[in-house]
Amino acid sequence: MGYPTLGRYLSQKVSKIHTDVVIFYAGSETTLRTEHGTMHLIFGLGYYYTKFEINPGEYIVDHKQLTGLILSDFVVNYMIKSKNLSISDESDVIFKENIVKVPLNLSNKPSNAITFIKGALMRNIFTPNKEIFLEMMKYISDPNSYQIGQYGHQVLSSHPEFYNKILISNKMENFPQPSYFECTAGIESIDYGFDIFAIDYFTQQDLDLIKLNIQLLKQVYSKVEIDPMYLFSIIENSANQLNSLFVQKVLPDDEKIPPVDSVETIFNTADYNFKTDVEWPEKFKRKSKMFYEAMVKPPKLKKFDYNASMKEKIKIPINYKGGPVEETEKFELSFLKHNSVEIKPLPKIPEGNIKEILSYLYSLVEGDYDMISIGKAFDLARENIRKIILQSDYMWDMSKIANYLLRQKPNLGLNQRDKKDYLEKINFWINGIEEEEMKKKEEEEIQRKIREEMKAKELEKERIEKARLANERIEKARLEREKIESEKRLEKAKLEIIKTAEILDSLGNQIINIEQQIVDLKNIKTTDKEVRKGNKKQIKKLKKDLKKLKKSLKKKSKGKK
């Protein structure tokens, strides 16, 4: 969009900018009418990435965390009138030379629109900026990044009063990374002042909602699974979470759809009738990179004046727990210098063990080898690691390092900055592997204990089951014995009853017989005294026997009951 400045880095003038892009995952937006014109504000997770040179041929990469953008009406006008890269039928999808805008949540889009967006993004954005996106996603996953509640906002501004500056919150006084306060390529300066700007236009409730949305975006994108070979997975895998966290604006069928080149296609909060044809102010006149690059006079020896750089001082916060801000001297820039080295054969690279391969790279970086040889070693190491594991985060870093080193001039060794950076990275990778090994051992130990506990529980369960079955068998046998004994007792009782019944029947028959005999004797009519006397005697005896039988019958009857 034009360069008001190439900027400075570590107090040195930038001579050439190769890349400067802003990637922004937006969560909130608003449009403000101010005395300086209409301002469009976006809040979310932002990443300003730049690749540039100070000395010719020496690339420097830097990035700045952003939580907001302030876009003036003349900037928006310039963006929406830039050349089309692809033309979409979707009103909220833009592919232009100076702006690419795609909704993070595509759940309400038809399949053909999603196919178009996917192809256009992969072709125009994800493929050419793959490493930038991977670095940004890795940065978002850092627990210390985008701590909006602790450090406030960092907003890239095109507001006329803060043009081409990063406005930061006063909370940044306690920010733990002093390098953030140092300017970088393409940026005029980094200044406090966002809090004062926010007071004029936002209520505390507005600011709390903006903060919440940034925290929700951080939560989603720090955990989203990414396929490094298919960066559209960033959008696909975050869609469901975003759909549940954010309400997407969907226009009713009868609502007028804005033209493609209108402000509302970029901002939902913009006034559709607002005139976008605003000229770029003369005091911020755009100039090309080539103009500025031609104005930069390279040093005679293509080196910085390192001694002069030592004399400069900058103010950065060094008391991070809160307290006075003191002055500290700048670091000497000699760490950017590449010394000539002798080209010598590399030791044989290990195979089959990732830690040994990384330790090998550590020894090479620590040693006195030329950059091209080290680049080849990184490339070969990556291939050897790929045979062990299919993918890992550090393999992409290894690929970037290899590509960078293989493009360097022969017979040059690593400068102090790169050597320190690579050693820290390799040490971080090795520590990560050791942590993974430790975690794996801990998990294995936990699994072993779980298996032992499960085995003990199984054995205890088996013991309880065996005891239960044994008790069941004992109880069953007892019940069986009791049943048999009960049946025997019943049988015996039945026999006794039958026997008693027989006895009673016999006694009853005897009684009946005796009673009949008595009746018969009484019915005998005779004049013979002796006969009568004998009959009486016999009746008396029968009565006596009858009495005994009845008594016995009564006794037996009671016993039967």
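Which residue forms a salt bridge with Glu-236, and how far apart are the closest N and O atoms? I started my notebook with that pair.

**Entry 1: ground rules.** I am working on a predicted model, where local features need pLDDT of at least 70, side-chain atom pairs count only at pLDDT 80 or more, and totals for chains, interfaces and linings use all residues. Residues are numbered from 1 along each chain as its sequence is written, and side-chain values use heavy atoms, with hydrogens and water left out.

**Entry 2: the opening pair.** I found that Lys-118 forms the salt bridge with Glu-236, with the closest N and O atoms 3.6 Å apart. The term stands for a side-chain nitrogen of Lys or Arg within 4 Å of a carboxyl oxygen of Asp or Glu. This pair links distant parts of the chain, 118 residues apart. Lys-118 sits in helix H2 (residues 111-126), and Glu-236 sits in helix H7 (residues 233-245). Helices here are DSSP runs of H or I with at least four residues, strands are runs of E with at least two, and both are numbered from the N terminus.

I then looked up exposure. Buried means under 20% relative accessible area, exposed means over 50%, and partly exposed lies in between (1.4 Å probe, protein chains only). Lys-118 has 27% relative accessibility, so I noted it as partly exposed. Glu-236 is partly exposed too, because its relative accessible area is 36%.

**Entry 3: the chain as a whole.** I counted 15 helices and 13 strands in the secondary structure. The chain has 561 residues, and 39% of them count as buried. I looked up contacts next (heavy atoms within 4.5 Å). Among contacts with a separation of 6 or more, 68% come from residues 24 or more positions apart. The accessible surface is about 34,100 Å², and carbon and sulfur atoms hold 52% of that. Such areas come from the Shrake-Rupley method with a 1.4 Å probe; for residues, only the protein chains shown count as cover.

Entry 4: How many salt bridges does a search of the whole structure find? I got 23. Two of my next pairs lie in helix H14. Arg-448 bridges to Glu-452, with the closest N and O atoms 2.3 Å apart. These two are about one helical turn apart, because four residues separate them in helix H14. Arg-448 is partly exposed at 31%. Glu-452 is partly exposed at 46%.

Glu-482 and Arg-478 also meet in a salt bridge, at 2.5 Å from N to O. They too are four residues apart in helix H14, so about one helical turn separates them. I read 38% for Glu-482, partly exposed. I read 29% for Arg-478, partly exposed.

I also found a network of salt bridges linking Glu-135, Lys-138, Asp-397 and Lys-400.

**Entry 5: charged patches.** Which residues form the positive surface patch? I listed Lys-499, Lys-547, Lys-551, Lys-555 and Lys-556. Patch residues have over 30% relative accessible area and no salt bridge; like charges are joined within 9 Å, and nonpolar side chains (Val, Leu, Ile, Met, Phe, Trp, Tyr) within 5 Å. Lys and Arg count as positive, Asp and Glu as negative; His and the chain ends are not counted. Each charge is placed at NZ of Lys, CZ of Arg, CG of Asp or CD of Glu.

Helix H15 (residues 529-560) gives the most to this patch, four residues. Lys-556 lies in helix H15. Lys-556 is partly exposed, at 35% relative accessibility.

The negative patch is made of Glu-435, Glu-436, Glu-442, Glu-443 and Glu-444. I placed Glu-436 in helix H14 (residues 416-522).
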